[in-house]
Amino acid sequence: MDYMESYKQWCSDAYFDEDTKKELEAIADDKAEIEDRFYRRLEFGTGGLRGVIGAGTNRMNIYTVRQATQGLANYIISQNGQHKGVAIAYDSRRMSPEFADEAALCLNANGIKTYRFESLRPTPELSFAVRELGCISGIVITASHNPREYNGYKVYWEDGAQITPPHDKNILAQVAKVTEFSQVKTMDKDAAQKEGLYVTVGKELDDKYMEQLKKQSIHPELIKKAAGDIKIVYTPLHGTGNLPVRRVLKELGFEHVYVVKEQELPDGAFPTVAYPNPEDEKAWELALKLAKEVDADIVLATDPDADRLGVYAKDTKTGEYVSFTGNMSGMLIAEYILRERAATGTMPENPALVETIVTTDMAKAIAADYGTALIEVLTGFKYIGEQIKLFEQENTYHYVFGLEESYGCLAGTYARDKDACVAVMMLCEVAAYYKLQGKTLWDAMLAMYEKYGYYKEGLATLTLKGIDGAKQIQEKMSGQRSNPPKELGGLEVLAVRDYKEDTRKDMISGEVTPTGLPQSNVLYYELENNAWCCVRPSGTEPKIKYYFGVKGASLDDAQAKLEALKKDMLQE
């Protein structure tokens with residue numbers, strides 16, 4: 001069926017509701033819009049769905065959510081996991097409660113019990129709930145930090161991590177088999193509740209989750225000493241972080257927490273930010289204004305589903321607030337945990353720090369300094385979560401901390417996904433530790449640069465939408481793959497890792513060895529002088545991503561090296 005036939009079916013079939021039909025009739029004269037909405041099914045990737053909200057096969061709507069859920073239900077039944085149930089959470093985005101209900105009722109119609117949160121919750125609490133409730137799977141309705149017109153659907157497995165091999169490919173295959181809406185089951189909500197299939201959860205899990213967060217604190221006594229002096233500004237960016245973040249900071253004893261009023265309440269329209277992403281400096285305007293008014297020590301922002309944390313901290317010399325990348329804030333937490341666990345005798349045997357291949361190389365230097373194993377995984381926090389499971393199954397390492405460059409980290413093993421709530425808590429404890437020494441987080445960061453080296457990283461993205469965009473992304477990856485550069489930013493390419501082909505080629509000796517990681521469409525260039533760069537298509541957006549990392553003799557030197565590397569790479 002071509003896109004126009006599919007469009008006509010949606011406009012006429014009794015299966016689709018009247019609001020859907022009216023929306024589609026309004027674009028009857030816009031062939032390009034019809035094509036974009038119907039040229040394909042919204043792709044169910046290795047993590048789930050993500051797309052623009054609207055009517056059509058290439059959009060997030062109740063029909064595409066049901067279709068994906070039917071595929072998940074079929075897989076759960078094939079694994080004999082239907083008796084364990086599925087936990088479901090959702091964020092503040094438009095249609096999130098409705099999509100959560102549609103997913104629950106589809107599962108219920110397939111005889112699978114669901115535990116749906118009573119109201120919006122952070123993504124990491126869903127990860128925690130899957131294991132706490134003994135579920136086979138979990139679903140969270142969120143588009144994370146994407147613009148307001150998006151929503152999404154992420155799938156978790158029984159270990160609490162987002163789906164990894166073989167479950168990701170197997171679920172994807174089952175979803176692909178659901179080609180007709182007649183294959184999709186659903187049922188009445190009242191009937192599902194009466195049969196005990198649709199269960200609402202809330203406060204009890206909140207309390208248990210909060211206790212697990214507080215257990216990660218290493219020095220609660222330091223917080224109490226500094227609590228009256230340290231000032232924290234926080235914004236949830238209209239998302240799910242407001243209640244849990246404020247609660248954990250209050251219960252730990254922090255006295256001066258100022259929340260950005262204009263961004264405090266959940267709102268899927270995101271009226272104060274076009275792009276609710278802590279990585280975007282425009283999202284910080286109101287928080288920084290409040291920080292200056294109250295003379296805050298630290299300024300924090302979590303994304304809509306509260307799994308990413310952004311940070312600003314004061315530079316005491318200039319009085320200005322300095323932006324921290326996810327690498328920088330992650331390193332501050334990592335070093336604090338390793339140092340203080342070693343000092344207090346609470347470091348487990350065979351400790352391990354886990355990071356993705358595009359995260360800062362400073363992690364390697366810190367891990368070596370504290371005799372901690374450093375494990376690298378592919379991009380995506382699900383692979384960090386997977387390592388926790390593997391460590392436990394194989395009795396090898398004990399997970400201490402994990403991080404990725406895109407503002408995500410996890411302290412502890414209560415969840416298996418990045419958690420901005422615990423990141424806020426840990427970073428505020430780190431800030432309290434240094435406050436008692438008369439230092440800010442920026443002072444601490446400069447000291448780390450002096451000790452370990454001036455590591456600096458960057459990211460550039462190229463957005464290519466639609467049918468042509470997807471083709472261009474693949475062409476760019478193929479071009480890089482077939483003709484790898486010999487030099488980038490004036491630095492010699494020492495080795496090329498091709499994770500799609502599972503090869504690492506030494507460009508000097510010609511030796512080829514396996515990467516040791518799962519197959520993925522990623523190219524990684526090892527460069528001289530501790531530099532590197534990496535290129536990969538985004539798994540959730542129509543983008544190709546370029547990552548860069550260098551080590552300099554100073555901040556200025558590192559920045560110059562990074563700019564040269566970025567310029568050269570983007571010309572390739």
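Colleague: Which residues does Arg 66 touch, not counting residues up to four places away in sequence?

Modeller: Leaving out those sequence neighbours, Arg 66 touches Tyr 15, Glu 102, Cys 106 and Val 184. Keep in mind as we go that this is a predicted model. You will find Arg 66 in helix α4, which covers residues 62–78.

Colleague: Is Arg 66 buried or exposed, and what is its relative accessible area?

Modeller: Burial is judged by a cut-off: buried means under 20% relative accessible area. Arg 66 has a relative accessible area of 12%, so it is buried. Its side chain also makes a polar contact with the side chain of Glu 102, at 2.7 Å.

Colleague: Now the helices. At what angle do α11 and α16 pack?

Modeller: Here is the general idea: two packed helices are described by the angle between their axes and the distance between those axes. In our case, helix α11 (residues 242–252) and helix α16 (residues 420–435) pack at about 35°, and their axes are 9 Å apart. The crossing of α11 past α16 is right-handed.

Colleague: Which residues make the contact?

Modeller: From α11 come Pro 244, Val 245, Val 248, Leu 249 and Leu 252, while α16 brings Cys 421, Val 424, Met 425 and Cys 428. By class, that contact has nine nonpolar residues, with no polar and no charged ones. As a rule, an α-helix has 3.6 residues a turn, so residues three or four places apart point the same way.

Colleague: How many residues of helix α6 are buried?

Modeller: Eight of the ten residues in helix α6 (residues 123–132) are buried, so this helix is largely enclosed by the rest of the structure. The buried ones are Thr 123, Pro 124, Glu 125, Leu 126, Ser 127, Phe 128, Ala 129 and Val 130. They pack against strands β2 (86–90), β3 (114–117), β4 (137–141) and β5 (150–157), and against helix α9 (203–215). Just after α6, Gly 134 takes a positive phi of about 70°.

Colleague: Where does Asp 307 lie?

Modeller: Asp 307 sits in the loop between β9 (298–302) and β10 (309–314). With a relative accessible area of 1%, Asp 307 is buried. Beyond residues up to four places away in sequence, Asp 307 touches Thr 123, Pro 124, Ser 144, Lys 154, Tyr 407, Gly 408, Lys 418, Asp 419 and Ala 420. Thr 123 and Pro 124 are among the buried residues of α6.

Colleague: What about Asp 506: what does its side chain reach?

Modeller: Asp 506 is in strand β19 (residues 503–506). The side chain of Asp 506 reaches the backbone nitrogen of Ser 509 at 3.0 Å. Not counting residues up to four places away in sequence, Asp 506 touches Leu 494, Ala 495 and Glu 511.

Methods. Residues numbered from 1 in each chain as written. Predicted model: local features only at pLDDT ≥ 70, side-chain atom pairs only at ≥ 80, totals over all residues. Heavy atoms only, no water. Helix = DSSP H or I, 4+ residues; strand = E, 2+ residues; numbered from the N terminus. Contact = heavy atoms within 4.5 Å. Polar contact = N/O pair within 3.5 Å; in protein donor to acceptor, adjacent residues only side chain to side chain. Axes fitted to C-alpha atoms, helices over the stretch in contact; angles between N-to-C directions. Left-handed = near helix turned anticlockwise from the far one by under 90°. Nonpolar A, V, L, I, M, F, W, Y, C, P; charged D, E, K, R; others polar. Buried < 20%, exposed > 50% of the residue type's maximum accessible area, 1.4 Å probe, protein only.
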